[in-house]
Every structure is written in C-alpha cells, then in structure tokens.
Amino acid sequence: MIPLTLRQIAEIAGGRVHGNPDVVVDAPATLDSRAAEAGGLFVAIAGEHTDGHEFAAQAVGAGAAAVLASREVDAPAVIVDDVVAALARLARHVLDELEDVTVVAITGSSGKTSAKDLIAQLLEPDGSTVATAGNFNNELGVPLTVLRADELTRFLVVEMGARALGNIADLCQIAPPDVGVVLNVGHAHIGEFGSAEVIAQTKGELAEAVQPDGVVVLNADDALVSAMAARTEAAVVTFGQTGDVRVSDLVTDEQGSPRFTLTNDGRSAQAYVPLIGEYHAWNAAAAVATALVLGVDLATAVDRLARVSPRSAMRMERHVRADGVVVVNDAYNANPESMAAALRAIAAVGGDRAVAVLGEMLELGDGSHEAHVEVGRLAAELGYSRVVVVGEGARGIAEGAGDIAVAVDDVDVAVRTLSASLSGHEVVLVKASRGGRLERVADALLQG
C-alpha cells in the first residue's frame, strides 16, 4: 500500500481521526487481526457472528498501525459510517495514484481462481504483480487486493465474483479493468440469480466496464460469453476450441495434467500445464490470451505455463499418503460444472481406483436435487469404484450413483467409512461447496 497518514485516509474515506492524525499506514489492509502486518490497516467489520472492533487491540499488538472502524476503539483509527464503502473509496484512491498499474479482472461461474493464478504467473516475470489471494473476490476482497499494490506494482490481477446483478459493476468501480476476462457462464449461485441468462447479464458487466482502449478476453466456446462482445467498445480477443487463441490435440498425461497445442495468429506451440485436470487447458488458453494482449509472445507464455504451480488452497491439491493412497483436496467450492470437471479429472488418473467423497452443492435453487442426481450418474458412468456422499442435502448424488454409493450423515462417519476400506492404491477426490467443509475429510485421511 502507498503510505498515507490517518488524516489523509479520513479525507479519502469520509471519516474522522481517532488518535494521532500523523500515524502512517504503509502496509496492506486485513480483516484478520492475526494477519496484521507492521504498518498495516486493520479493517473492523461488525458481522452477524463476529465484531472486528473487539479485535482492534489484538491487531495493533500484532503490528497494525491503525484501524478502519465504525466506532471508536482502543487504537489509532479512522471512524466512518460505513466501513465497506470507506474501504472501497480508499482502494480506488490508491489505484488512481498508481498510474503505471495494468488491472486485469477475471470473472466466470467456475475456474476464476485457477485462471487468476495462471495469469499472475504468466505476468510476474515482466513486472511486480499483485493478485487476489485465494478467492477474495467480493466487496471486501477486491479492495483488500487493490490495497496490496504500491508504486512498484505493474500488474494487478483481480478476481471478481457476484451473487446479484450489479455486483461486478460495483467491483469495477473499485478496480476499473484495463483487461477483462470472462471464462464461462454456468450454474454457480443460480438459486440466487434465477437463470443462466441473468448470470450472463451480471458477468457481462465486466465487459461493459472495460474502456475503449482496453481489451476484453472472451470464451469463444460459450455462447453466452461470446455474445458479450456486443456489450463492449473495447477490442475483443477470444479463446477456446475456436477463436483467436485455440486449443487442439488435448490429452492428459499419467498425472492428469493437460498437454495440448495452442495456436494464435498462424503460430502454434506445444503447451503443458502441471496441474490436475484437462479443464486447465481452457484456463491456460484464457491466461495465454491475456498475456499476449499484454505483450508476452506465444513461445514465452507457453514456456511459463510449464512452470506454474498451485497457488490457492483446496483446489485439486494432490497429496500422497505413505501407503500410496492419493488424496485430492478440491473442497473449496463446488457447482455442477466444477464437480463434473473434477470427477472427470480424477477418473482419468485413477480409473477403477477412483473414489469420490462428495458433499452438497449449495445455492442451486429449484434444480438442486436433479443437479445432484446428475453428478452421481456421472460418477457411475466414469467408472468410480465408490462414492461416499456426505450430508442430507447431497443425497441426490447417492441416488444417481446407485450401487457404488453410500450416504453418510457427517464428516466423521465419512472418514470412518473410508478408513476401514482403503487398500492403499486408491485416488480419492474430496469436493463440495464451501459450507460442507469437506477439507476435514481430506485432512483426516492424510493424518490416518
């Protein structure tokens, strides 16, 4: 973060100073008092279950210079009426001060975090790059990401999520994109949006936010995404099986990593992504298209792809136990598209050794039960030896999977069920929506 005094922050955020107005904040902001950095800003949010104001002293004790708060605390602070709105104003001010930063924004129903991580790694050799940590992609996460940028930052790679119309447009006011990337339109949060068309309308707000001198990168294989070209005056670059950056000859190796040909403007290169799942080929195509826009040549981008590593936790994390059991922790989140992609990826690696531990996919609305049944059917069709279904909301998966499935009530039973039967050669996928917290299964299996 660029150095600012509390007096300056108060002026920017529309608040008042509590304590010494000359205190300087020159390190990133955080919501977690335990993660406060020396010279940083602790953002005190009063939520339903936890009030950040109660941890202000702890944050300052950990090194924070000051607090952004809605009431006085026992620490230097800027007091505002609305902490979230003030945080957004502060982030936009900081970004406006950083004239040499190129903002790359990514959205989509699935794959945002993986694509964000790939884009960041393709750009890092060309300049200091700040990217969203994990999937901090909402009205708090986006400004927190922006506030990690400073005078040395060249690229700011920002993941943007949405739960309602207008969310992406609001985030683009905080971090106006020079390059906007839209990956896909699927069924994530369809229970809140109501239809894929409304999801597309929301995701397309990113295309609308890119100025005429910017670039919009769109998935040519997704009709709802490719149609967004009509919603922008910026240049449009496409990727997919067709488009400007094309994927062909896609195969996966024995580790489940994709190998494929990338073609752009008459030139082709053999590409490899050392991550599990052929769907990373499409994330890679989006990342390469973005890198090309920003001056990286195709050969260099493909070379960098081969050196990427996982950056975000609980996303196809591969661990091998001492007895040979492979546990793939993909428990951060799930929707019908990402669940199908993960199932296919592990089936390609494990064959008849593949086992799935699956939980509920949340926020699917009226089609939830059938969506879970379809996931179970797919697991059976792919040849999984066993599917352990955790929780009442996921029972449709067991219905669809048939004889290979066992439904259990909770994580503890799931762990006992698996531990009693693993022989040492299985590949176990663990996946569910965040609310299921199925990473507990992965953790227990690795400890057992």
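Predicted model: local features only at pLDDT ≥ 70, side-chain atom pairs only at ≥ 80, totals over all residues.

**Around glutamate 426**

- You will find glutamate 426 in the loop between α16 (411–419) and β22 (427–431).
- Is glutamate 426 buried or exposed? Its relative accessibility is 5%, and buried means under 20%, so glutamate 426 counts as buried.
- Leaving aside neighbours within four places in sequence, glutamate 426 is in contact with Gly324, Val325, Val326, Arg353, Val355, Arg386 and Ser421.
- Glycine 350 is 76 residues away from glutamate 426 along the chain, yet their C-alpha atoms are separated by 7.1 Å.

**Around serine 33**

- Serine 33 also has its place in a loop, this one between β4 (29–30) and β5 (41–43).
- With a relative accessible area of 6%, serine 33 falls under the 20% limit and is therefore buried.
- Which residues does serine 33 touch, not counting those up to four places away in sequence? They are Phe42, Phe55, Gln58, Ala59 and Ala62.
- One of these contacts has a polar side: the side chains of serine 33 and glutamine 58 are joined by a polar contact of 3.3 Å.

**The buried side of helix α8**

- Helix α8 spans residues 196–203, and its buried residues are Ala196, Ile199, Ala200, Thr202 and Lys203.
- These residues lie on the same side of α8, because they cover an arc of only 160° around the axis.
- What do the buried residues of α8 pack against? Their partners include two strands, β8 (102–107) and β11 (179–182).
- The buried residues of α8 also pack against the helices α6 (167–174), α7 (190–193), α9 (205–209) and α10 (223–226).

**Rings and charges**

- Tyrosine 332 has arginine 315 over the face of its ring, at 4.1 Å from the ring centre.
- Arginine 434 lies over the face of tyrosine 332 as well, at 5.1 Å from the ring centre.
- How many aromatic pairs does the structure hold? The count is 0.

Technical notes
Residues numbered from 1 in each chain as written. Heavy atoms only, no water. Phe/Tyr/Trp six-rings, centres within 6.5 Å; stacked < 30°, edge-to-face > 60°. Lys NZ or Arg CZ within 6 Å of the ring centre and 35° of its normal. Helix = DSSP H or I, 4+ residues; strand = E, 2+ residues; numbered from the N terminus. Buried < 20%, exposed > 50% of the residue type's maximum accessible area, 1.4 Å probe, protein only. Polar contact = N/O pair within 3.5 Å; in protein donor to acceptor, adjacent residues only side chain to side chain. Contact = heavy atoms within 4.5 Å. Arc of directions from axis to C-beta.
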